[in-house]
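Dear colleague,

I am handing over a structure for you to look through, and below it you will find a careful account of what was found.

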Amino acid sequence: MELTFFLTWAACLLSYSASINQKLFNKPLNKRFSWSGFIILIGAAFIAASQWHITIIAFFYVLALVMTFWIVVIFMHGHIHNKQFPTAVTAVMLLSVLVSAGGQYAA
C-alpha cells in the first residue's frame, strides 16, 4: 500500500509542477510531459492498489488519494513560504508514518 501512496504523491506533484502558479521550480514543467507522467504514475498506483483490493475499490481508493494529495499540495505551498522546503521528503515521511501506524486502514 505504501507504493500506492508514493506513486500517487509523485503523480500529484508532477501535475502541480506543470501549473503556472506552482512554486516548486522557477518555470513550470512541460505540460505534455507532466500530464503523461501523471497518467503513467496513476496507472501504476492503480495496479499497486489492485493487488490489495478489488478493481472498483482500487479505482476509488486511488481517486480519493489524488483528490486528497492535490489539496495537500496546494495547502502546503500556500502556507509554507520557504521555497526550499523539501515538500516531497516531508510528505513521504508523514505518509510513511501514517501507513505504518495504521496499516492499510490509515487512509
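**Where H1 meets H2**

In H1, the residues Leu3, Thr4, Leu7, Thr8, Ala10, Ala11, Cys12, Leu14 and Ser15 meet Phe33, Ser34, Trp35, Gly37, Phe38, Leu41, Ile42, Ala44, Ala45, Ala48 and Ala49 in H2, where contact means heavy atoms within 4.5 Å and helices are DSSP runs (H or I, at least four residues) numbered from the N terminus. By class, this contact has 15 nonpolar, five polar and no charged residues, with Ala, Val, Leu, Ile, Met, Phe, Trp, Tyr, Cys and Pro counted as nonpolar, Asp, Glu, Lys and Arg as charged, and the others, Gly among them, as polar.

Please keep in mind that this is a predicted model, in which local features need pLDDT of at least 70 and side-chain atom pairs count only at pLDDT 80 or more, while totals for chains, interfaces and linings use all residues. Residues are numbered from 1 along each chain as its sequence is written, and side-chain values use heavy atoms, with hydrogens and water left out.

Thr8, which has its place in helix H1, is buried, with a relative accessible area of 0% (buried means under 20% relative accessible area, with a 1.4 Å probe and protein chains only). Leaving aside neighbours within four places in sequence, Thr8 is in contact with Ile42, Ala45, Val62, Leu65, Val66 and Phe69. Val62, with its neighbours within four places likewise set aside, is in contact with Thr4, Thr8, Ile42, Ala45, Phe46 and Ala49.

How values were computed
Helix = DSSP H or I, 4+ residues; strand = E, 2+ residues; numbered from the N terminus. Buried < 20%, exposed > 50% of the residue type's maximum accessible area, 1.4 Å probe, protein only.
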